Amino acid sequence: MSISIEKNYQLDNLNTFNISAKAKFFYEFNTLKKLEEILNHKLLKTEKSFVLGGGSNILFSKDFNGIVIKNSLGGINITKDNNNHTEVEVGSGEIWHEFVLWSVKKNLSGIENLALIPGSVGASPIQNIGAYGCEAKDTIKKVQFIDLESKSIKELTNSECNFSYRSSIFKKDLKGKCIITKVTFLLNKKPINNTSYGAIASELAALKSQASPQSICNAIINIRSRKLPDPQKIGNSGSFFKNPIISNLKLKKIKEKYPEIINYKQSKTHSKIAAGWLIEMAGWKGYRKDDCGVYDKQALVLVNYGQASGNEIIELSKKIQQSVLEKFDIMIHPEVNII
Ligand code: EPU
C-alpha cells in the first residue's frame with residue numbers, strides 16, 4: 001500500500017513553542033481510514049511514533065527520530081438535542097477554541113470559560129484542560145479512541161476516564177496506548193454563567209454585558225489576552241508547570257514563614273498552591289537569557305522569544321524547579337510533555 005509519508009519534516013510551525021525540530025518521518029490523517037492505513041504500515045513496526053495534535057503542550061528537546069503522526073480528524077456534529085441539552089460529537093483534530101466559538105454562537109453553555117486555550121479537541125480529555133473555574137470533564141460525555149494494540153475502536157464514558165486535575169486515564173494507564181479519535185460533549189441549553197472565578201465578573205462589568213455564554217467567552221478572551229502571551233507572537237505552551245498539591249500540614253509549616261502564600265482548598269487534607277506565585281517569589285518573573293525566558297505577566301509560562309532551543313527551555317525549567325524547591329520545599333512538575 002502506498003501512502004504519503006514525508007521525510008525529514010520540519011515541525012517548527014506545528015508546536016506553539018516555535019521550537020525548531022525535525023521528524024524523521026511525518027504523516028497526517030484526516031479520516032479513520034487514513035489512520036488505520038498508517039497503523040498497519042510496516043514503518044510502525046520499526047519506528048517509534050508520536051501523535052501530534054495542536055502542538056500546544058509539547059516541547060521538542062531534539063529532532064524526533066521516528067514518525068510523527070498528525071491528527072487532523074475534523075467534524076462538529078449534533079447527535080442529540082432536547083429541551084435541556086445538546087450532545088455534540090467532535091473530531092479530535094478540531095481546534096479547541098474554534099469549537100468553543102461554535103458552541104457560544106449556538107448559545108450553548110459549558111465550555112465558554114475554556115475559551116482561547118490552545119490545542120486540539122483530542123487533547124482536552126487527556127489532560128482535562130481547565131481554566132476559570134471550569135474543566136473539560138464537566139461537559140465530556142464519552143471519549144472514542146483507537147486501541148493501538150488491538151487496533152479496534154473503543155469508547156470510555158466520563159467516569160471511566162478517571163478525570164482529575166490536569167490528568168485522566170489517558171495520561172496514566174492508557175498513555176501511549178491509544179489515539180483519541182472523537183470526543184462527545186453534553187452542552188447545556190440553559191446558561192451556566194459561571195462568573196465566580198477571578199476577574200470574570202469585573203470584566204463583564206467593564207464590557208457592560210450581562211452574563212451569557214457569548215459574553216463570558218468574550219470576557220475570558222480579554223482576560224487571557226492580557227495575561228498570557230499569544231503563541232503566534234511569542235512561542236509558549238501556556239502553563240509550563242502544574243500547580244502543586246501539598247498536604248495541609250506542610251502548608252501550615254510554610255505559612256509560618258510565608259503567610260501570604262496563594263493556596264486553594266483541594267480536599268480535606270490537601271491544598272493546591274499557585275505555582276506562578278512560587279516562581280515569582282523565587283525571583284524568576286520576567287527573567288530572560290538570550291531567547292528563553294519567564295513571561296513577565298504570568299510566571300507559570302515559559303517563553304521562546306525567537307530562536308531558543310528546547311534544551312535551553314528545559315535547562316531554565318530545571319533551574320526554576322530547583323530554586324522553588326530550595327525556597328519553599330515544594331517540587332513543581334511540568335505540565336508540558338517533553339519529547
Ligand atoms: N500569580 C502570581 N504570580 C504569577 C502568576 C500567578 O502571584 O506570576 C498568582 C495570581 O495572582 C493568582 C494565582 O497566582 O492569585 C493564580 O494565578 P492564575 O489565576 O493566573 O491561575 P494559575 O493557577 O496560575 C491556572 C491554569 C491556567 C488557567 C488559569 C486560569 C494551571 C497549571 N494553569 O493558572 O491554565 O488559564 O488557572 O484559570 O492549572 C494552561 O494550563 O496552560 C493555563 C494557562
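Mentor: Let's start with helix 3, where the cover over the buried residues includes strand 6 (76-81), strand 7 (85-91), helix 4 (123-126), strand 12 (178-188) and helix 6. This is a predicted model, in which local features need pLDDT of at least 70 and side-chain atom pairs count only at pLDDT 80 or more, while totals for chains, interfaces and linings use all residues. Residues are numbered from 1 along each chain as its sequence is written, and side-chain values use heavy atoms, leaving out hydrogens and water.

Trainee: What makes a stretch a helix or a strand here?

Mentor: Both are DSSP runs numbered from the N terminus: a helix is H or I over at least four residues, and a strand is E over at least two.

Trainee: Why is helix 3 described as largely enclosed?

Mentor: Buried means under 20% relative accessible area, exposed over 50%, and partly exposed in between, with a 1.4 Å probe and protein chains only. In helix 3 (residues 96-105), 7 of the 10 residues are buried, so the rest of the structure largely encloses this helix. The buried ones are Trp96, His97, Phe99, Val100, Trp102, Ser103 and Val104. After helix 3 comes Asn107, with a positive phi near 60°.

Trainee: Why is Ile223 called buried?

Mentor: Its relative accessible area is 5%, and the cut-off is under 20%, so Ile223 counts as buried. Ile223 sits in helix 6.

Trainee: Which residues does Ile223 touch?

Mentor: Contact means heavy atoms within 4.5 Å. Setting aside residues up to four places away in sequence, Ile223 touches Tyr132, Ala199, Ile200 and Glu203.

Trainee: Now the ligand. What makes a residue count as near it?

Mentor: One of its heavy atoms must lie within 4 Å. There are 25 residues around the ligand, and Tyr132, Tyr165, Ser239, Glu280 and Ala299 come nearest.

Trainee: Which oxygen distances are given for Tyr132, Lys227 and Glu335?

Mentor: A backbone N or O atom of Tyr132 is 2.6 Å from a ligand oxygen atom. For a polar side-chain atom of Lys227, the distance to an oxygen atom of the ligand is 2.9 Å, and for a side-chain N or O atom of Glu335 it is 3.2 Å. The ligand exposes 810 Å² when taken alone, and the protein buries 83% of that; these areas come from the Shrake-Rupley method with a 1.4 Å probe.

Trainee: How do you know that the ligand lies between two domains?

Mentor: Domain bounds come from an automatic or database domain assignment. Domain 2 (76-188) and domain 3 (235-338) both give residues to the shell, so the ligand lies between them. Among the elements, helix 8 supplies the largest share of the shell, 3 residues.

Terms used. Polar contact = N/O pair within 3.5 Å; in protein donor to acceptor, adjacent residues only side chain to side chain.
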